[in-house]
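Open the model in your viewer and keep the selection tool at hand.

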Amino acid sequence: ASRLLPDITDGFRKALACQAIASAQAQAGDLAAARATAAQVTDDGLKTTALSDIAIAQANAGDITGARQAAEQMSDSYWKAVTLSRVVETIMKTAK
């Protein structure tokens with residue numbers, strides 16, 4: 001899917017596609033690709049969604065430092081706090 005990104009000329013649609021791809025990559029466990037794709041997202045709200053998905057996937061994989069780093073990249077303090085709370089919940093669930 002990421003091979004089609006150069007064909008998308010509308011900025012918002014490209015950001016939307018990058019967010020969807022980054023989230024799918026994170027859920028599939030391809031965290032390096034997810035981070036690279038998320039870096040291409042130009043819309044703050046969409047980037048926050050991608051980074052949140054990456055942070056949760058990293059927490060599920062046991063990468064707490066990476067999860068925190070993903071959350072720290074968010075510009076919106078509210079969603080950063082929500083994501084960090086979700087990271088803690090994920091850690092607690094996987095620690096059982």
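Is Ser-23 buried or exposed? This is a predicted model, so treat each stop as a computed feature. Select Ser-23, which sits in helix H1. Its relative accessible area is 6%. Buried means under 20%, so Ser-23 is buried. Now show what surrounds Ser-23. Beyond its neighbours within four places in sequence, Ser-23 is in contact with Thr-49, Ala-50 and Asp-53.

**H1 against H3**

Select H1 and H3 together. Their axes lie 9 Å apart, at an angle of about 5 degrees. That makes the two helices, H1 and H3, roughly parallel. On the H1 side, pick Phe-12, Ala-15, Leu-16, Gln-19, Ala-22, Ser-23 and Ala-26. On the H3 side, pick Leu-46, Thr-49, Ala-50, Asp-53, Ile-54 and Ala-57. Colour this H1–H3 contact by class: nine residues are nonpolar, three are polar and one is charged.

**H1 against H2**

The axes of H1 and H2 come within 8 Å and cross at roughly 165 degrees. Because of that angle, H1 is roughly antiparallel to H2. The crossing of H1 and H2 is left-handed. From H1, select Cys-18, Ile-21, Ala-22, Gln-25 and Ala-26. They meet Leu-31, Ala-33, Ala-34, Thr-37 and Ala-38 of H2. By class, the H1–H2 contact has eight nonpolar and two polar residues, with no charged ones.

**The largest nonpolar core**

Next, go to the core. In soluble globular proteins, nonpolar side chains tend to be buried together. The largest nonpolar core here has 16 residues. Which of them touch the most other members? Select Ala-26, Ala-38, Ile-54, Ala-55, Ala-67 and Val-87. Then colour by element: H1 (11–27), H2 (31–38), H3 (44–60) and H4 (64–72) each give two or more residues to this core. H3 gives the most, with seven residues.

Centre the view on Ile-54. Leaving aside neighbours within four places in sequence, Ile-54 is in contact with Ala-26, Leu-31, Ala-34, Arg-35, Ala-38 and Ala-70.

**The second core**

One stop remains. A second, separate core has seven residues. Select Leu-5, Ala-15, Ala-17 and Ile-21, which are among them.

Methods. Residues numbered from 1 in each chain as written. Predicted model: local features only at pLDDT ≥ 70, side-chain atom pairs only at ≥ 80, totals over all residues. Heavy atoms only, no water. Core = buried A, V, L, I, M, F, W, Y, C linked by side-chain atoms within 4.5 Å. Buried < 20%, exposed > 50% of the residue type's maximum accessible area, 1.4 Å probe, protein only. Helix = DSSP H or I, 4+ residues; strand = E, 2+ residues; numbered from the N terminus. Contact = heavy atoms within 4.5 Å. Axes fitted to C-alpha atoms, helices over the stretch in contact; angles between N-to-C directions. Parallel < 35°, antiparallel > 145°, perpendicular 65-115°, else oblique. Left-handed = near helix turned anticlockwise from the far one by under 90°. Nonpolar A, V, L, I, M, F, W, Y, C, P; charged D, E, K, R; others polar.
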